[in-house]
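Thank you for asking for a reading of this model. The notes below are written for someone meeting it for the first time.

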Amino acid sequence: MRNLILLFSCMLLFCYTNCYASENSNIKYYKTIYNLTNKESVTNEISAYDYEHESKIMTLGTSVITEYKKLAITTSNNNVTLTLEWKNMPKYRSYDVIAIRGENVNFNTSEILGAQFYNKDKINYTSQTNNTKVFSNGVGISMNLVDKATSYTLELKATYTKTNANATIYGSYQHAQANVTLVQSQKYTISSNGYGSVVQFDSGVKKYYDGMNGVSISV
């Protein structure tokens, strides 16, 4: 009986060791994030899942660069500009959401402008277009990436006034990793609990977006 128990234990150990080895390989994935603010880069090992889905991107100051995208936020004379540049073309080209949220900030809803620059053309958006959602604490625009374009730069601009000395504006860009409709892309609110501390998607839509973290700037 003792020998049987020992044999059974050895079989379990063999199975555990080999099963574990089969689930792991020598392939490792790394992500390098470059901070435009302090000109420093940070490289960390990531999981295969994060490599495939490009989720949980770190936020570093007013700008962040990943393998596929560069997101930056700037301000000048009570104007804020959030810019997203695609470095590599995405697989899915559907309704992405670019948005800003203010803390101790009021946005002038009549002076909201958005733009999608692709190739040598441009699509304009305003607070009056169907793609735009205006909230008391921010604004978002759903932009349908033009099919077969070879370059994209997306912008969201707004004017603001501070209501407190300690004011901050947050920016987020959420890429749809599946084909979604305009209606689906607009099922969100502006919240600190959302993706990038800005975009809070409804539970049924959240799964379609990459969950990239955002940027922020004190104003």
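1. Basis of the note. This is a predicted model, in which local features need pLDDT of at least 70 and side-chain atom pairs count only at pLDDT 80 or more, whereas totals for chains, interfaces and linings use all residues. Residues are numbered from 1 along each chain as its sequence is written, and side-chain values use heavy atoms, with hydrogens and water left out.

2. The chain as a whole. The chain holds four helices and 15 strands, where helices (H or I, at least four residues) and strands (E, at least two) are DSSP runs numbered from the N terminus. Of its 219 residues, 42% are buried, a word that stands for under 20% relative accessible area, with exposed meaning over 50% and partly exposed in between (1.4 Å probe, protein chains only). The chain exposes about 12400 Å², and carbon and sulfur atoms supply 50% of that area, as computed by the Shrake-Rupley method with a 1.4 Å probe. Among contacts (heavy atoms within 4.5 Å) with a separation of 6 or more, 68% come from residues 24 or more positions apart.

3. The five-stranded sheet. Five strands form an open sheet in the order β9-β10-β6-β12-β15, with antiparallel pairing; two strands are taken to pair if DSSP finds at least two bridges between them. Its edge strands are β9 (132-135) and β15 (215-218), each of which pairs on one side only. On average, and with direction ignored, neighbouring strands of this sheet are turned by 10° against each other, the axes being lines fitted to C-alpha atoms and the angles running from 0 to 180 degrees between N-to-C directions.

4. Pairing around β10. Strand β6 (residues 95-103) is joined to the antiparallel strand β10 (residues 138-144) by seven bridges, and I98 has I141 of β10 as its bridge partner.

5. The aromatic cluster. Which residues do ring pairs link into a cluster? They are F135, Y188, Y195, F201 and Y209. Rings of Phe, Tyr and Trp (its six-membered ring) pair if their centres lie within 6.5 Å, and planes under 30 degrees apart count as stacked, over 60 as edge-to-face and the rest as tilted. By this rule there are five aromatic pairs. The rings of Y188 and F201 have centres 6.0 Å apart and planes at 70°, so this pair is edge-to-face. Because Y188 lies in strand β13 and F201 in strand β14 (residues 199-201), the pair ties together parts that are 13 residues apart in sequence. Both Y188 and F201 are buried. The rings of F201 and Y209, by contrast, have centres 4.2 Å apart and planes at 10°, so they are stacked, and Y209 is buried as well as F201.

6. Charges over rings. K133 lies over the face of Y188, at 4.8 Å from the ring centre, and the charged end of R101 sits over the ring of Y170, 4.3 Å from its centre. Such a placement requires NZ of Lys or CZ of Arg within 6 Å of the ring centre and within 35 degrees of the ring normal.

7. A buried loop residue. Is Q186 buried or exposed? With a relative accessible area of 17%, Q186 is buried, although its place is in the loop between α3 (182-185) and β13 (188-195). Leaving aside residues up to four places away in sequence, Q186 touches N130, N131, T132, K133 and S142.
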